[in-house]
Amino acid sequence: MRIELKGITKKYGKKTVLSDVNQSFAEGVYGILGPNGAGKTTLLNIMASVLSTDEGKIYYEGKEINELGERYRAILGYLPQKMEFYDHFTGYDFLKYMYLLKGGKQKNPEQLNDLLQRVHLYNVRNQKIGTYSGGMKRRLGIAQAFIGEPKLLLLDEPTVGLDLEERAEFKKMVKEHGKKGTVILSTHIVSDVEETADYIVFMNDGKLLESKDNDYYKSYMKEHGIEGLEQYYLQLAGKWLNDAASEI
């Protein structure tokens, strides 16, 4: 599978949120790292076809996604940064509802209980979502994103509100899924990327700074005495700022 972003640009009024983003994604786990305001959420919203671009196009297997329409959305699993729920639904009813929206009979209904087990919600599956804590709702959002084993899984700040045990299980789910599809994980939590990603994409101020495989970064940091991706990112962002200033 291959997703290609070509010249993706998005503006809100005079503010450019994404500027000429070009990137390809194949199978595996991709971690998009950057501070708040880097453009990560906007990029995932565009990839999920929730937002349109001002310039540029996205291609799935060589075909533009707007032309594919429902055929493209059928391969998607998506966890937005802020997800709304129907509080009068039970956790199980919500997953079943999402399951039906995603194709129902074409998928595996037994997967719903499996997902509830994995996100530690099986014992409260028949409770109304309105009684769930913020962390429980986040885990339910994670579960719905995995329904139907989507070929393209988009996850925006997925581990916010999760405890250590829940984050560990989530990381297992991501790594497993990356062996059979494409996972794009957007976050500012460096450890989530360090421990799950096969490839790392660095962003800042709406621009893609660098994209390489995780093994490259591990080797480079060891060779240059850099203590972790956070320090590497700070050096990379500093170099980018200096280069940008020199062009003014």
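1. Basis. In this predicted model, local features need pLDDT of at least 70 and side-chain atom pairs count only at pLDDT 80 or more, while totals for chains, interfaces and linings use all residues. Residues are numbered from 1 along each chain as its sequence is written, and side-chain values use heavy atoms, with hydrogens and water left out.

2. Largest pocket. A pocket is an open set of points on a 1 Å grid over the protein atoms alone, with protein on both sides within 12 Å along at least five of seven lines; lining residues have an atom within 4 Å of a point. The volume of the largest pocket is about 710 Å³, a volume being the space filled by probe spheres set on the points, which are joined across faces, edges and corners. Its lining has 27 residues, and Leu76, Met98, Leu101, Lys102 and Gln144 lie nearest the centre.

3. Origin of that lining. Helix H3 (70-73), strand E6 (76-79) and helix H4 (91-101) each supply at least two residues of the lining of the largest pocket; helices (H or I, at least four residues) and strands (E, at least two) are DSSP runs, numbered from the N terminus. H4 gives the most, with four residues. By type, the lining of the largest pocket comprises 14 nonpolar, five polar and eight charged residues (Ala, Val, Leu, Ile, Met, Phe, Trp, Tyr, Cys and Pro count as nonpolar, Asp, Glu, Lys and Arg as charged, and the others, Gly among them, as polar).

4. Second largest pocket. This pocket holds about 230 Å³ of space. It is lined by 11 residues, with Gln111, Leu115, Arg118, Glu149 and Lys180 closest to its centre. Helices H5 (110-118) and H7 (164-177) are the elements that give two or more residues to this lining, and H5 has the largest share, four residues. The lining of the second largest pocket divides into three nonpolar, three polar and five charged residues.

5. Cavity. The structure holds one cavity of 30 Å³ or more, a cavity being a set of grid points where a 1.4 Å probe fits but cannot get out. The largest cavity contains about 50 Å³ of space. Among the residues that line it are Arg118, His120, Arg139, Glu166 and Phe170. Helix H6 (134-145) and H7 each give two or more residues to the lining of the largest cavity, and H7 gives the most, with four.

6. Sheet. Six strands form an open sheet in the order E6-E7-E8-E3-E9-E10, with mixed pairing; two strands pair if DSSP finds at least two bridges between them. E6 and strand E10 (207-213) stand at the edges with a single partner strand each, so one side of each has no neighbour in the sheet. Strand E9 (residues 199-204) pairs with E10 in the antiparallel sense over six bridges, and Met203 has Leu208 of E10 as its bridge partner.

7. Helix H1. Of the eight residues of helix H1 (residues 40-47), seven are buried, that is, under 20% relative accessible area, against over 50% for exposed and in between for partly exposed (1.4 Å probe, protein chains only). The buried residues include Lys40, Leu43, Leu44 and Ile46. Ser49, which follows H1, has a positive phi, near 60°.
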